[in-house]
Amino acid sequence: MLLTAIIFLPLVGAIVTALMPKDRGSVARWIAAGVTAADLALVVFLALRFDVAQGMQFAEKIAWVPQFGISYHLGVDGISITMLFLSALLSLIAVVASWKMETKPTAYFAMLLLLEVGMNGVFVALDFVLFYVFWELVLVPMYFLIGTWGGPRREYASIKFFLYTLFGSVFMLVGIIALYLQTGTFDISAMADLGLPATFQWWVFAAFFLGFAVKVPVFPLHTWLPDAHVEAPTAASVLLAGIMLKMGTYGFIRIALPILPNAANQWAPFITALAAISIVYGAALAFAQTDLKKLVAYSSVSHMGFVMLGIASGTAEGLNGAVAVMFSHGVVTGMLFLIVGMVYERTHTRMIQDVSGLSNQVPVAGGLLAFASFASLGLPGLSGFVGEFLTLLGAWKSSVPAAWVVIAAIGVLLAAAYTLSMVQRVILGAPSEAVSKISDLTVREVAVLVPLVVLTLTVGLYWNSLLRFTDPVVTRIVAMLAGA
Amino acid sequence: MGYIVAIPLLPTIAFALLAPMSGRVRNKAVWVSVAAVIIALALSLVAFVQVWPGGHEGEAVYHSSAVFASIGTMDLGVGVLLDPVSAVMLVVVTLVGACVQVYSIGYMHRDARIGWYYAVLSLFTAAMLVLVLADNFLQLYMAWEVMGLCSYLLIGFWHEQVAPRKASLKAFLTTRVGDVGFALGLAVMYATAGSFDFSVVLHDFQWAPAAATTVSLLLLFGAMGKSAQVPLHVWLPDAMAGPTPASALIHAATMVAAGVFLVARALPIFEASGVALTVTMLVGVITALAGGMLAAVQHDIKKVLAYSTISQLGYMFVALGAGGIVAGFYHLVTHAFFKSLLFLGAGVIIHAAHTQDMREMGGLARKMPVTTVTFTIGSLALAGIFPFSGFWSKDEILTVLWHGEHYVVFALALAAAFVTAVYVARLWFRVFTGPEQSELKEAHIEMLVPMGVLAAISAVIGFGSPYFAQFLGHEGEWPAAPIALTSTAVAGLGLALGWWAYGRRTKVLNTRPLKQRAGFVYGALTMKLYFDITYDFFIVRGYGLLADALAVFDTTVVDGIVNGAGAVWRSGAHVGALIDRYVIDGAVNGTATLVRAAGARVRRIQVGRIQAYQGLMVGAIVLLMLWLVVKGA
């Protein structure tokens, strides 16, 4: 019941806030904060009672449509609990960061809560139909968040986001149906490591690949991301980058690898190549941007390339690293989007040439942005390094061509180039006109960022704080891949 | 001996205390940092005494470690390894660190961000201590990167000015070029030997020559970035834009020597390769010579010292490449003391003369006796004059080269020693003799005492030369006359030439004919041998153009395909909308009316697209369900 509560508590909150009179925004935000905080408390309670040595835990299974083998099946293992925690935390942060929302606040907070339902659901669903429902559910509130509360080009961006990711989902649906026809069940955990025919695996993997790769996004399927990020309100950007991108890579780890291990091995070189290209391509594009949000958006393409690199390696190092990048990117990119948003609220510009000298004018904002930047470029001791380094180790250890690993490693240098050239212009120097009159972060804003700072340091200094959850799961997946 | 852990921990705590403070409070709390490094120095001296008399090469006197990451059956740890090498490094780092921090009280006292300066110094000291105490290469790499951050922060300390800002970026990125090699080297090491631990990688594991060559060359590449070896040296002269005491600590004595330390630690892998040793030696000798020549044409006193550092680090690589771990490591130690002394002296000189340009200096000897004496000791040590420390370590390096029968490299190293003596004399005579060009005043006591300490060490430490070798577990010898006399003669000749060109104040200083005669070489040297300009043109600007081109490619081609597909879909959706209106609307009338009512006229097409998709999806699911029901029945 705990998992059900975690998923549907925000739904209750969403219904309540949606039904409230439109002028009760200040009540709606307190409800949203209370619900997301309670949800986070439940997840923490779950994590404390979670036994890392065991596999799927807190399972709930109720027959739903027994004729078709569809069940309401939930459960968490070390990887899903990691992502669930991130989802619950960032949801709370998104609510608090949107405290000053004045446009249709009741609907806005309802959408944020509905989004959390879908995100939490994706990470705990163990039935394909359920998984698909949550997967698609996420699109609806995000579509409205961008389309209603977004920037000037919000219509184009939201439609593009919606259609692009739906395009991927169609292929995923085909893959799900094919798997059902082959196995006679929709149960994800029952399908793992069944030894399905190799050709069948290859084609189903292709379908899932398209579905997940759009979401990640992998080059060349990434162009929806910068548009969506630039137009989305800050909180939506945080959740989009922090959680929704991870749904794609989570899909690979939860579904594609265990169910289709043979195909995963066959596809590995191709995915490695795309991953390496995503890393350097995203980094080069981030370097060319003049808009802070676009820069962070393209850096996401680069970072998610490391996740794919680790997944394609099929090694314990690579897969642990992949989850570590997922977690760290969620935390660090969350910080980046939040701070950029806070600066934007004050300066009304995101153009790099208009913003400079933050560290002198607003030392707290400048310092935290610098901290997040160094975490993002993979400085050891902060969380970004953990996954980047482990995925490189794993990729080198695996049988993928070494040239791609070298290209990926160059991505680490390029990350420093785009991040630090941003730091040079935005944080350092004398304050520009737009910056010269702004005030530093408020207590609420700092409170939003502090948990993320703490997580960045904790994971970066003591890797096992994260790896103790992921490693047992990864070990099982690696065994499946090795056996295929 | 658990107190060893406290040595890196103390500066870490100092940083953790200072970093979150507000600027005003932090400026008053700098003593936290100074106290931490002085206690760390005291503990380091205790550790050194406990390791004494050493003698067992590679044998740890104290070792403890803790796991911070477990992957499968593999544990990655952070450790504290006290052996003769790390004991020496502890003393060097904390001693120079303490001198620099005490000196900075005077040097930086008027700076509005002195607290932040000390916070970063503390973090740097902590990272450097974690590095020297590392028991594995991953820990070494992580500390290495954190030092890079501190270097970045200190070079760009006065970031309101353009030059420090640019220099800090250049430093971080150039060293990171090397770090990509280092990181890949770690990956190959891990895939080959299955570990990062010194005990496995350097002792138990039997390296095949090919793998050893790959790993050691990649590690060397990382070391070349950090230790500013040609062709990755370009960042160090620019790094002089930072505060001078920070240059003394980071860009002269400790961090830049970390590359040498890395190669020294990894030397068993280099030896298993063979080729890598030769490459190390070549890189070193080219750098020693190029750095020395570049130092000889600089007018900025700090840039002379920066190129000199590059050159001396090259010397250390030469020694390691020839297999002379003791000689290379000893030169690291002596250089750390005399070069940080020279930098601290340069700081005093710059404050007194209000310029960094040596052409605008002169006559300091008469007004600033302490600075003059200490700086002269440092200069003679650098030039390799008996009995000052540089003489001894340079002699050891030359001896190793001679005995290793590397005669060409030996000759080139002598040439580098000659150039060194020339630029030392050039600097000394320009600064200390001749007419005074400004009101001169000796520095405060807190600045002079550290210089005195470093000068005393530089004056006497050479006599410990053979004991140093024994401490590290090697045969210790006193210098042999032939090589000692040769190197002294070469250095003396260099000093003489320097005096002839710059010291005879009887004539007005005019080196123009000399420059004209050496036209091409001099031109190339003033253009920094074209390294910077080449990198700037091909790499920096090239990458910028490439990135811009890719951005255009991304919006026009990659996204163009998407938008094109969207346009096609949209025209198809019109057809779909017709079907929608007449077929589906008929079936689900009420819903359609609602949707139509909600949709504004402008948004019609877009709503139509969503609708079309929803129609498709609903249709697909309905068909699927039907099919399942039929099949199930």
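Predicted model: local features only at pLDDT ≥ 70, side-chain atom pairs only at ≥ 80, totals over all residues.
# A tour of the two chains

Residues are numbered from 1 along each chain as its sequence is written, while chains are lettered from A and ligands numbered from 1 in the order in which they are written.

Stay on His348(A): its phi is near 60 degrees, a positive value in a residue other than glycine. His348(A) sits in the loop between H13 and helix H14 (358-361) of chain A. Helices are DSSP runs of H or I with at least four residues, strands are runs of E with at least two, and both are numbered from the N terminus.

Next, select Glu405(B). This residue is not a glycine, yet it has a positive phi of about 60 degrees. Its place is the loop between helix H19 (389-403) and helix H20 (407-432) of chain B, and Glu405(B) counts as exposed, with 10 C-beta neighbours inside 10 Å.

Now look at two cis peptide bonds. In chain A, one joins Val216(A) and Pro217(A), with omega about -10 degrees; Pro217(A) is in the loop between helix H8 (198-215) and helix H9 (224-231). In chain B, one joins Val230(B) and Pro231(B), with omega about 5 degrees; Pro231(B) belongs to the loop between helix H9 (209-226) and helix H10 (235-238).

Then show both chains together. Here 46 residues of chain A are in contact with 42 residues of chain B, contact being C-beta atoms, placed from the backbone, within 7 Å. On chain A, the elements giving two or more residues to this side include helix H6 (154-183), helix H11 (261-288) and helix H17 (402-426). H17(A) gives the most, with ten residues.

Finish with the confidence values. The predictor gives the complex an ipTM of 0.94 and a pTM of 0.91. Chain B averages a pLDDT of 87, and 88% of the residues score at least 70; pLDDT is the predictor's confidence in each residue, from 0 to 100. Select residues 590-595 of chain B, where the pLDDT is below 50 and the stretch has two contacts beyond near neighbours in sequence.

Terms used:
Buried ≥ 20, exposed ≤ 12 C-beta atoms within 10 Å, placed from the backbone.
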